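These are my notebook entries on what I looked up in a structure.

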Amino acid sequence: MRFVRRFTRTERTLHWVNAAGFFLLLATGLILYLPRLSVLVGRRPLIKDVHLWGGIGWISALALVVLLGDRRGVLRTARDLEVLEPSRFNVGQKVNALLNAAFALLFLVTGLLLWFGERDTTFRFTSTVLVHDILMYAALTLLVGHLYLAVIHPATRHSLRGMTRGTVREDWARRHYPRWTPPPAD
Amino acid sequence: MENSSPKKYGRGLFLATLFGGVTSIAWGRPVWNRFNGALAGVEALVPLVPHGWRIYSVADMMPTFEPATWRLAIDGLVQQKLALSYEELRALPSAHQVTDFHCVTGWTVRNVHWKGVRLSEIFDRARPFPEAHALQFVSAELPYLDYLTLQQSQLKDVMLAYEMDGKPLTREHGAPLRLVIPEMYGYKGVKWLNRINLVPQAGDGYWEVLGYDRDAWVGHSNGYGA
């Protein structure tokens, strides 16, 4: 069986750092947000600190991976995402990636406003907490679809290997990405 | 021009999402409130989703209510110090009110049914000295406390509430007793209330030490409606 290179090491690191950060923030965020979980867990000051510094850590880690990694490759991928036509990725994957990138920035902006707003009324707006919550529901919806296609759906779940080991089967790649010319696996 | 280059709809989508998200900090709440009626049914279908309430606490554990040992202490500048048990508190003449609850972070819960005791019932029994001009409300969730001036505490819908929406106050809402003052933001409404000290003047409460306004009038404090 022949394999082709699907994701570079930088891309995979970026993906898993993003995933780890997202789950940490989702878990701590839900504890802060859902009354039943708040009661069950308690320790709100600690959870709040983990959530706030976790958010800073999440964005910083993503920036660091790009800075220390294959910057040119990331830029090339970003340029590819700008055009909503099938190429190395299909349109659904591109929309998912673009929305997640925008959501991450919006999470950061609204999160910082909530954080600073607690100390300084200049940063306090009645809509911030609402926008932060709606972002969570939107991101969660994308995540459910993403997990289904990457882990459960038989036709597409081979793609997970691309994100763990970096390579996928050549015939699978041809079938799913006919307009992509994959580089061979080394 | 770039006639031959492919259209960058992806970039458009990214920037539009970003633009919509950032500007919604200005228009999100009014638009949401418009459609809220339609969404109320959906919310009820998802049992986990909070129905308007968010639970804030400042200590590691929310206080637990022990009916046998719980007391509401009335102390400070009073002629008669009190230590009311839960039974004694429930035996006092009760009042009922339906009021809106506003949080300083922007959310509101409409038409909350409260049942509890008016402060006048407490004053009748404790008889504050004339030099008492403020009340210090102390939570079992230390170090949370807050103050009202005597004048503020005499607004007609200020209440020591032990029931919310027809049921005894739940733990996350401050069981067994919380202060309710609908004219002010929720941080003034001390939860897990177990001590009221009559003092010469108001001081800074938990959030006020961190920069919130002492007089937390809804719509006219903390940077709103300035």
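Entry 1: the chain contact. I needed a definition before counting: two residues are in contact if their C-beta atoms, placed from the backbone, lie within 7 Å. I also noted that this is a predicted model. With that rule, I found 37 residues of chain A in contact with 36 residues of chain B. I then asked which elements give two or more residues to the side of chain A that touches chain B. They are α2 (35-41), α3 (44-68), α4 (71-82), α5 (91-117) and α6 (128-152) of chain A. The largest share of that side comes from α5(A), with 10 residues. Sorted by class, the side of chain A that touches chain B holds 20 nonpolar, 8 polar and 9 charged residues.

Entry 2: α1 and α3 of chain A. I looked up the axes of helix α1 (residues 9-33) of chain A and α3(A), which come within 9 Å and cross at roughly 165°. Angles over 145 degrees count as roughly antiparallel, and therefore α1(A) is roughly antiparallel to α3(A). I recorded the crossing of α1(A) past α3(A) as left-handed. The contact of α1(A) with α3(A) has 13 nonpolar, 10 polar and 2 charged residues.

Entry 3: α3 and α5 of chain A. Here the axes of α3(A) and α5(A) come within 11 Å and cross at roughly 145°. I noted that α3(A) passes α5(A) in a left-handed crossing. Which residues meet between α3(A) and α5(A)? From α3(A) I listed A:L52, A:G55 and A:I59, which meet A:A104, A:L108, A:G111 and A:W115 in α5(A). By class, this contact of α3(A) with α5(A) has 5 nonpolar, 2 polar and no charged residues.

Entry 4: the nonpolar cores. I turned to the largest nonpolar core, which has 42 residues. Those that touch the most other members are B:L135, B:L160, B:A161, B:L179, B:V180 and B:L193. Several elements of chain B each supply at least two residues of this core, among them β1 (71-76), β4 (108-117), α3 (119-126) and β7 (159-164). The largest share, 5 residues, comes from β7(B). Finally, I found a second, separate core of 12 residues, including A:L98, A:L106, A:L130 and B:F14.

Note on methods: Residues are numbered from 1 along each chain as its sequence is written. Chains are lettered from A and ligands numbered from 1 in the order in which they are written. This is a predicted model: local features need pLDDT of at least 70, side-chain atom pairs count only at pLDDT 80 or more; totals for chains, interfaces and linings use all residues. A nonpolar core is a set of buried Ala, Val, Leu, Ile, Met, Phe, Trp, Tyr and Cys residues joined through C-beta atoms within 7 Å. A residue is buried if 20 or more other C-beta atoms lie within 10 Å of its own, exposed if 12 or fewer, and partly exposed in between; C-beta atoms are placed from the backbone. Helices (H or I, at least four residues) and strands (E, at least two) are DSSP runs, numbered from the N terminus. Ala, Val, Leu, Ile, Met, Phe, Trp, Tyr, Cys and Pro count as nonpolar, Asp, Glu, Lys and Arg as charged, and the others, Gly among them, as polar. Axes are lines fitted to C-alpha atoms, for helices over the stretch in contact, and angles run from 0 to 180 degrees between N-to-C directions. Angles under 35 degrees count as roughly parallel, over 145 as roughly antiparallel, 65 to 115 as roughly perpendicular and the rest as oblique. A crossing is left-handed if the near helix is turned anticlockwise from the far one by less than a right angle, and right-handed if clockwise.
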